[in-house]
Amino acid sequence: MTYEELLTQEALADDRFVVMTAENRALVRNIYAHLGNRFIDTGITEQTMIGAAAGLALRGRIPVVHALASFLTMRAFEFVRTDAGIPNLPVKLSSFIPGFLSDGNGPTHQAIEDISLMRGIPNMTVFAPADEDDLLKMLPQIWNYPSPSYVRINTRKTEYEHSPFEFGKAEVISEGNDVTILTYGLLFEQVLEAVKILQAEGLSVGFVNMRSLKPVDEQAILNAAKCNLVVSVEDHFLTGGLYSIIAEVLLKHQASAKVLPLALNEKWFKPSLLPKVLEHEGFTGKQIAEKILGYNTKAVQATIAAQEFSE
Amino acid sequence: MSTQTTAIDKQQLQATALKVREHIIRMATDGGCFVGASLSAADLILYLYSEWLNVNNGNLDDPNRDYLFLSKGHDVPALYGTFAELGLMESERLKNHLSIDDHIYWHPNTKIPGIEFHSGSLGHLPSVAIGVALDIKIRGGKNRVVCILGDGELNEGTCWEAMLVANAYKLDNLIFVVDRNQFQANMPTEDLIPLEPLHDKFAAFGAAVKRIDGHDFDALHEAFSAYPFQPGKVNVVIADTIRGRGLPSIERHADRWFCNFTAPEIESLLRELHGEHQTQLTSETLVVR
């Protein structure tokens, strides 16, 4: 099943759903044929789309809205905050090509402050799936939850079969004493690689797919803090993302830990195709493992699949 | 004048409009309010709730009611004054203006029954109104959606973005009403960001446009009785109004937008509203919040 098939299925089963886009049709090219006038394309108008989504939600609809991540979260920020956030309306934001997924587009399209912005809005919920399987497992619960939500859409395919999604719960892939890596979104793939390398070097490695960033699984973070080193890995600015979330949770519970953040520190990333971006910015599995180890290994980095499409 | 205008009791409306203005003036002390912009919109808001909208105490949750969105939210005293006069709100409650124990403040919010959506940030409710109008179209409903805009608010690009989308979706169940009082916060619109020719601008965006005297109940009635102005076209009413209407001592005064009058000034202004001499104002002015 694909994102579009799942959305079509949900919308056909429940006529509260309307599908909207600010002319970003990559994920919803075929849905008009199924939904007719419940598919609404407002053109390149992210702000008007969000306001109209709020109006539709006032009338009992559940609008699932689509736009490129940077424009959805930044150009339309005040509309999201004021028209969906203040009244707590179930406007569902599907954010396309967030983080490194904007690969060759350049900094205009780099949504690497989206988690920070969206989680700062009262009533907003925030999710970042590891891959398509994770995405499809979380969406039905998110779409049926009576609050606005932000989802970093990630339709990349991996071999990993995720556990069922629980709202506000992280997915613990493995537990370990030496180091625990916390991540979300497409870097899950690379951390899977990194974990194998670290284990081959003899480390006991914990690995957590955070997936639900708001509400966040505080216990998963506190559990990770019990090992010698916590590593946060994210395609996001250092400020406001997972590293900040970990700091907030540790402070709230008066806990401490040694934390190594791997994030974009006060910089946009160099645009190229995704595999080259990861390598240039130091986020391949091998690079992540070696940053944690503090030395180079003879491990061979697995091939990184390129993006299927971009817009 | 059209025969349709015989359906309204103009004298009654004018008498009620005076009472709405009294409410507005009484709210303009102890912290004050946007009195000038409220006085300009008072007649058109009163007309809509009295004569045109299918909105009353008994149907505020009915999906078949009409909707009014006050995008120019700082004129909410005119709306509350209207609610008080039409029985949608207790008049006594207006004394709670700016009270920490109530929800009556400088911009509208949905804690007050009859308010469809909060506003205050300009250029938002055109799109929210579009969402409601779209849903009514999808469901085949007959209800109508009014969105009141300030003329200064038309500086916001999202007003024009919304006009493009309303035109694309042929939202003839949606009426944008511009309170054309010729002023934005600090100065005349034409001296800062000129809007004219405004009729032509809206027409160029595909709207069916009427321009009327927004203080003339016959003209309001004639315009709204022609709804929908043209099938398949979004409706626009440009209501030419006077900022501060009813109080010559502040009418068209650029520095009388947000006013916080003293108690003696309020009493004098209430007499001025009823035709007595102008008030000598000494209270703070041009308090831009």
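Is Lys92(A) buried or exposed, and how many other C-beta atoms lie within 10 Å? Lys92(A) is buried, with 27 other C-beta atoms within 10 Å. Here a residue is buried if 20 or more other C-beta atoms lie within 10 Å of its own, exposed if 12 or fewer, and partly exposed in between, with C-beta atoms placed from the backbone.

## About the model

This is a predicted model, in which local features need pLDDT of at least 70, side-chain atom pairs count only at pLDDT 80 or more, and totals for chains, interfaces and linings use all residues. Residues are numbered from 1 along each chain as its sequence is written, while chains are lettered from A and ligands numbered from 1 in the order in which they are written.

## Around Lys92(A)

Let us stay with Lys92(A) for a moment. Lys92(A) sits in strand β4 (residues 92–96) of chain A; helices (H or I, at least four residues) and strands (E, at least two) are DSSP runs, numbered from the N terminus. Leaving out residues up to four places away in sequence, Lys92(A) touches Ile62(A), Pro63(A), Val64(A), Val65(A), Ile142(A), Trp143(A) and Ser149(A). Two residues are in contact if their C-beta atoms, placed from the backbone, lie within 7 Å. Between Lys92(A) and Ile197(A) there are 105 residues in sequence and 38 Å in space, C-alpha to C-alpha.

## Chain A as a whole

Chain A has 12 helices and 12 strands. Its radius of gyration is 19 Å, close to the 19 Å that the globule rule gives for 311 residues, so chain A is as compact as a globular protein of that length. That radius is taken over C-alpha atoms, and the globule rule is 2.2 Å times the number of residues to the power 0.38.

The C-alpha atoms of chain A fill a box of roughly 60 × 40 × 35 Å along the principal axes. Of the 311 residues in chain A, 52% are buried. Among contacts in chain A with a separation of 6 or more, 76% join residues 24 or more positions apart.

Ala, Val, Leu, Ile, Met, Phe, Trp, Tyr, Cys and Pro count as nonpolar, Asp, Glu, Lys and Arg as charged, and the others, Gly among them, as polar.

## A helix pair in chain A

Two packed helices are described by the angle between their axes and the distance between the axes. For helix α3 (residues 46–58) and helix α5 (residues 77–85) of chain A, the axes come within 9 Å and cross at roughly 5 degrees. That makes α3(A) roughly parallel to α5(A). Axes are lines fitted to C-alpha atoms, for helices over the stretch in contact, and angles run from 0 to 180 degrees between N-to-C directions. Angles under 35 degrees count as roughly parallel, over 145 as roughly antiparallel, 65 to 115 as roughly perpendicular and the rest as oblique.

## Where chain B meets chain A

The contact between the chains takes 20 residues from chain B and 23 residues from chain A. On the chain B side, α4 (125–139) and α5 (157–168) of chain B are the elements that give two or more residues. The largest share of that side, 9 residues, comes from α4(B). By class, the side of chain B that touches chain A divides into 11 nonpolar, 7 polar and 2 charged residues.

## Backbone details

Most residues other than glycine have a negative phi, and most peptide bonds are trans. Arg211(A), in the loop between β9 (205–209) and β10 of chain A, has a positive phi of about 40 degrees although it is not a glycine. Arg211(A) is buried, with 27 other C-beta atoms within 10 Å. Gln254(A) also has a positive phi, near 50 degrees, but Gln254(A) is exposed, with 6 other C-beta atoms within 10 Å.

The peptide bond from Lys214(A) to Pro215(A) is cis, with omega near 5 degrees. In chain B, a cis peptide bond joins Tyr227(B) and Pro228(B), with omega about -15 degrees.
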